[in-house]
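Here are some notes to read beside the model. Take the points in order and find each residue as you go.

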Amino acid sequence: MAPNSKTCTGAQFAAECKTAAQAAPFINASFKTYGITSAGEAAALISLMAFESGDFKYNTNHFPGRPGQGTRNMQMPPFNLEYAKSIPALKDGLAKAGTDVKKVLELLTSKGEYDFGSAAWFMKNKCKKEVREGLKKGTTEAWKMYITECIGTTVTQERQTGWEKAAKAMGVPGH
């Protein structure tokens with residue numbers, strides 16, 4: 001699924017890098033926490049995180065370097081603040097961070113469970129029911145709706161290749 005996630009050797013942002021083996025427990029826990037129950041939803045989330053983080057090599061937007069954008073799905077700062085507010089354990093840290101987008105991101109990237117949990121949180125809280133239902137069926141059309149309507153970006157061949165690899169690895173029917 002994320003072919004370059006076997007090692008962090010030579011990673012440009014080594015402190016941010018996680019291997020697939022390190023990421024997997026956090027990703028699986030986020031699926032449980034946020035009710036991700038289908039292989040199609042899981043494949044969509046994993047392919048998004050792998051794409052956005054360069055196969056888990058970084059968790060902060062370095063390209064082009066938007067302050068406050070990050071976590072493994074490269075979530076935008078307003079969503080990071082909303083996500084952080086949903087985590088009771090971050091209450092004190094958020095009080096200190098205020099609206100400083102970099103400090104909020106630091107809170108979220110300080111623990112793997114938060115860093116890798118943002119994508120599943122976003123799917124649960126920001127994606128339309130129709131998109132999630134479509135992903136449960138595992139169709140590429142549903143995945144395209146997820147990318148364009150939920151994530152709000154463009155379908156590219158590179159993104160679609162990642163989805164197809166993840167869908168096949170997750171055993172999504174038809175892949």
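Contact here means heavy atoms within 4.5 Å. Keep in mind that this is a predicted model.

1. Start with α1 and α7. In α1, the residues Ser30, Phe31 and Tyr34 meet Ala120, Trp121 and Lys124 of α7. By class, this contact of α1 with α7 has four nonpolar residues, one polar and one charged. The axes of α1 and α7 cross at roughly 20 degrees and come within 8 Å. Angles under 35 degrees count as roughly parallel, so α1 and α7 are roughly parallel to each other. The crossing of α1 past α7 is right-handed.

2. Next, take α2 and α7. Helix α2 covers residues 39-52, and helix α7 covers residues 118-126. Their axes are 10 Å apart, and the packing angle is about 130 degrees. That makes α2 and α7 oblique to each other. The crossing of α2 past α7 is right-handed. From α2, the contact uses Glu41, Ala44, Leu45 and Met49; from α7, it uses Ala119, Ala120 and Met123. Six of the residues in this contact of α2 with α7 are nonpolar, none is polar and one is charged.

3. Which residues of α7 are buried? They are Ser118, Ala119, Ala120, Trp121, Phe122 and Met123. What covers them includes α1 (20-34), α2, α3 (77-85), α6 (112-115), α8 and α9 (140-151). An α-helix has 3.6 residues a turn, so residues three or four places apart point the same way.

4. Now look at Arg132. This residue is found in helix α8, residues 129-137. Is Arg132 buried or exposed? Buried means under 20% relative accessible area. Arg132 counts as buried because its relative accessibility is 13%. Its side chain makes a polar contact of 2.7 Å with the side chain of Glu41. Leaving out residues up to four places away in sequence, Arg132 touches Tyr34, Gly35, Ile36, Glu41, Met123, Lys124 and Cys127.

5. Glu52 is another charged residue to check. It sits in helix α2. Its relative accessibility is 18%, so Glu52 counts as buried. Which side chain is joined to that of Glu52 by a polar contact? It is the side chain of Arg159, at 2.6 Å. Beyond its neighbours within four places in sequence, Glu52 is in contact with Tyr58, Arg72, Asn73, Met74 and Arg159.

6. The loop between α2 and α3 deserves a careful look. Most residues other than glycine have a negative phi, and most peptide bonds are trans. Asp55 lies in this loop. It has a positive phi of about 60 degrees, although it is not a glycine. Met74 is in the loop between α2 and α3 too. Its phi is near 55 degrees, again a positive value in a residue other than glycine. Asp55 counts as buried, at 11% relative accessibility. Met74 is buried as well, with a relative accessible area of 7%.

7. Pro64 lies in the loop between α2 and α3. The bond from Phe63 to Pro64 is cis, with omega near 15 degrees.

Note on methods: Residues numbered from 1 in each chain as written. Predicted model: local features only at pLDDT ≥ 70, side-chain atom pairs only at ≥ 80, totals over all residues. Heavy atoms only, no water. Helix = DSSP H or I, 4+ residues; strand = E, 2+ residues; numbered from the N terminus. Buried < 20%, exposed > 50% of the residue type's maximum accessible area, 1.4 Å probe, protein only. Polar contact = N/O pair within 3.5 Å; in protein donor to acceptor, adjacent residues only side chain to side chain. Axes fitted to C-alpha atoms, helices over the stretch in contact; angles between N-to-C directions. Parallel < 35°, antiparallel > 145°, perpendicular 65-115°, else oblique. Left-handed = near helix turned anticlockwise from the far one by under 90°.
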